Each structure stands twice: as C-alpha cells, then as structure tokens.
Amino acid sequence: MKALKAQIKNMLPQKLLYLYYLNSAKKASMYDLKRRVYDKVYNKSDIEKVKRDLALAYHIVEKGLTMPEPRPGFGKAVVMILIDTVERYEKFQLPENDLEFTQSVSVLKEYLHYHEEINFSLDQDLLGRLISIEERYAKVEGQKQIRTSKADYFKDKNAPFDQFCQSRYSVRNYTEEEVPMHVLHDCINLAQRSPSFCNRQPNRVHIVKSPEKKKAILEIQNGNRGFGHLAETLIVVSSVVSTTKDMHERFENHLNGGLFSMTLLNALHYNKIGACSLNWSVSDDKDMKLREIIDIPHNEVVLMIIACGYLPDEFSIASSPRKTAEEITKMH
Ligand SMILES: Cc1cc2nc3c(=O)[nH]c(=O)nc-3n(C[C@H](O)[C@H](O)[C@H](O)COP(=O)(O)O)c2cc1C
C-alpha cells in the first residue's frame, strides 16, 4: 500500500503535489490553532492563566532585584500588576502554598525590604499595597534571590550530574573578558551530542561579538534590559527548516533546538561561562530586522539567543524556584 501511494505521488504533476502540501499545512496549522483557541489563552479568568500571569510578573521583579545595578523604584508598573494578580488569585480561594502564589508574595515582600534597606521612598500608593500584602501574608515564604561569588557558583562544575544540574542558573551579569572562539567551539561540540531526529542535526549557531551588531540585536529583543549590554557574546541558535520533510514534522526544529540549547547552556556552565537564554518570540518584522543585522540563511528559523560571558567576582542570581516532580507528573 505504501509503495503504491509513493508510486501515485511520483506520477502526480508538481503543481498538484504542491497543492496537497499546502492543504496538509493548512490542516495542521488549524489543528494547532484550535487547541489555543479552545484553551482561550487570552482569557484572564481561569486558574492556569492566573498562575501564568503571576509567574510572568514575579519573574520580572525577581530579575529586577538581581540586576547588576538595580534602579531604585524599578518596575513600579509590573509590581502593581503583580499585586493585582495576587488579588485575582485570592478570589479563587486556592491553596496558599502554590508555588506561583508563594513566590509572588515573597518577591513582593523582598521588593519592599530592598527599598527599605536602601532607604528609598516608594510612591505612597505602591507602598500601602506592599505593606498590606506583607501584613496579610506574614507567614508565606518563597525563595529569596541569591547573592553569590564566582568561586561558589562554579564549585559544582565537576560534581556528579545531579549536583551539576542543580548548580546552573541563568546569570545576567558579565565581565568584558573575551570568551575565545575555541572555547565556544568546545561548548558547541558538546551541544552537538544532543539527540536529533534521525540524526539530521538541524541546529545552527551564529556567534555575534561585534558591539554594534550586539546592540542592534538586543534593541529588538524584549527580555534583556539592564544586563544584555554586558554580554561579551551573543549566541543565536537557529535551525534548518529544510531538514524537515513535511508539516507533521513542523515542531522538530524547535524541539531539536531545545534539546541542543539545553546542552549548550550546560556546556557553557561547565566552561565557567555565565549565560542567559533570551526568547525569540517576536513578530515577523523583528525577525526580518535580525536578518538585516546578521546574515542568517532564509531556510533557518531562529529559535533563541543566549547572552553570555565570563563572570564578575560577585553577582546576584534569580532563585526561579521549581515545582516538584509530583506536581507536574501524572501516572496513567
Ligand atoms: C526559551 C527561553 C527564553 C527565555 N527568555 C528570557 C529572556 O528573554 N530574558 C531573560 O532574562 N531570561 C529569559 N529566559 C531565562 C528564564 O527566565 C530562566 O531560564 C528561568 O527563569 C529559570 O531560571 P534558571 O535558568 O536560572 O534556572 C528564557 C529561558 C528560556 C528557556
């Protein structure tokens, strides 16, 4: 049957085959789209989305607290949104030990204490709401941001896998010291050990060191404010779409790239290079702009960027606590 199908396919004119692929592409896209439409990703009123919004906001504040030079009074708008979202969560009367909730409350308290310590007067409206959160949730404790030294941060770089794995964090603070290309190649060679579909190895890496190009790229990326400018190297991870065969393989570039990027992050950590992933969830015009800054072949899709560099002697890292295995696992 398979052979017959292939024979028929070969007999069809190219134009008809093209229409067939177009139709299956449409079907597959609709299938994906429907899941998102049914899930109402933009709906603010269900529990999963409240938790999503908590994580989105608390993480921005968490990052702000660990910036190389936090700006006193930073992020008022997002802190207000976080408080609003905590109040949305309260309305659901959910457990107070959910990670998104505990970490949000904890980060708000940390923001308040940070400003008390540096003797900075927050705006009265914000201050009142923060004090109210502190009074209401005196017992709720999440994880504080971590102040560390370079020596301490890399102390488990040669430790057994479990310890090594626990020791990597996103680092958003770098020195100007040059990361040599041969070290980057070592890291990329390790990342190449990641599995890939039929060993098709779709991942590609673009290294950017030119200050002008880095600046131009970081200007169109939305998650690097306060630290991106310090990155000695930007690693743009992309993937060749021509390695996929049909629409059913439409996620393979991102899936393979995710596995590759994780190994690359670990390899950078192993080589004592601090790194932070930067999302490339951008509009098509931003993606096209990137391609004007650096020459990326048209058949490569950009997956993400990694900002990296050697580290200063002391720096802060966002704690970014994790849910437990039990919380995210379902037995069937
Ligand atoms: C695909 C992806 C995109 C990310 N984008 C950003 C970003 O734009 N800016 C940023 O500061 N961190 C970004 N991060 C880093 C995450 O915030 C970080 O991995 C997460 O909070 C977990 O913390 P950890 O890496 O320290 O374990 C991104 C991570 C991933 C995997």
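Helices α4 and α5 are oblique to each other, a class that takes in the angles left over once those under 35 degrees are counted as roughly parallel, those over 145 as roughly antiparallel and those from 65 to 115 as roughly perpendicular. The model is a predicted one, in which local features need pLDDT of at least 70 and side-chain atom pairs count only at pLDDT 80 or more, while totals for chains, interfaces and linings use all residues. Residues are numbered from 1 along each chain as its sequence is written, and side-chain values rest on heavy atoms, with hydrogens and water left out.

Helix α4 spans residues 76-91 and helix α5 residues 99-117, and the two pack at an angle of about 140° with their axes 10 Å apart; the helices are DSSP runs (H or I, at least four residues) numbered from the N terminus, and the axes are lines fitted to C-alpha atoms over the stretch in contact, with angles running from 0 to 180 degrees between N-to-C directions. Their crossing is left-handed, that is, the near helix is turned anticlockwise from the far one by less than a right angle. On the α4 side K76, V79, L82, I83, V86 and Y89 meet F101, S104, V105, V107, L108 and Y111 of α5, where contact means heavy atoms within 4.5 Å. By class, this contact has 10 nonpolar, 1 polar and 1 charged residues.

The contact is made by V105, L108, K109, Y111, L112 and H113 of α5 together with L126, L127, L130, I131, I133 and E134 of α6, and it has 9 nonpolar, 1 polar and 2 charged residues.

The remaining pairing to follow is that of α4 with α6, whose axes come within 11 Å and cross at roughly 40°, which makes α4 oblique to α6. Here K76, V79, M80, I83, D84, V86, E87 and E90 of α4 meet D125, L126, R129, L130, I133 and R136 of α6, and the residues of this contact divide into 7 nonpolar, no polar and 7 charged.

Turning to the ligand, 15 residues surround it, the closest being H59, K63, S170, G223 and R322, with a residue counted when one of its heavy atoms lies within 4 Å. An oxygen atom of the ligand is 2.8 Å from an N or O atom in the side chain of R172. On the backbone side, a polar atom of S277 lies 3.2 Å from a nitrogen atom of the ligand, and a backbone N or O atom of N279 is 2.9 Å from a nitrogen atom of the ligand.

Note on methods
Ala, Val, Leu, Ile, Met, Phe, Trp, Tyr, Cys and Pro count as nonpolar, Asp, Glu, Lys and Arg as charged, and the others, Gly among them, as polar. A polar contact is a pair of N or O atoms within 3.5 Å; within protein, one must be able to donate a hydrogen and the other to accept it, and residues adjacent in sequence count only if both atoms are side-chain atoms.
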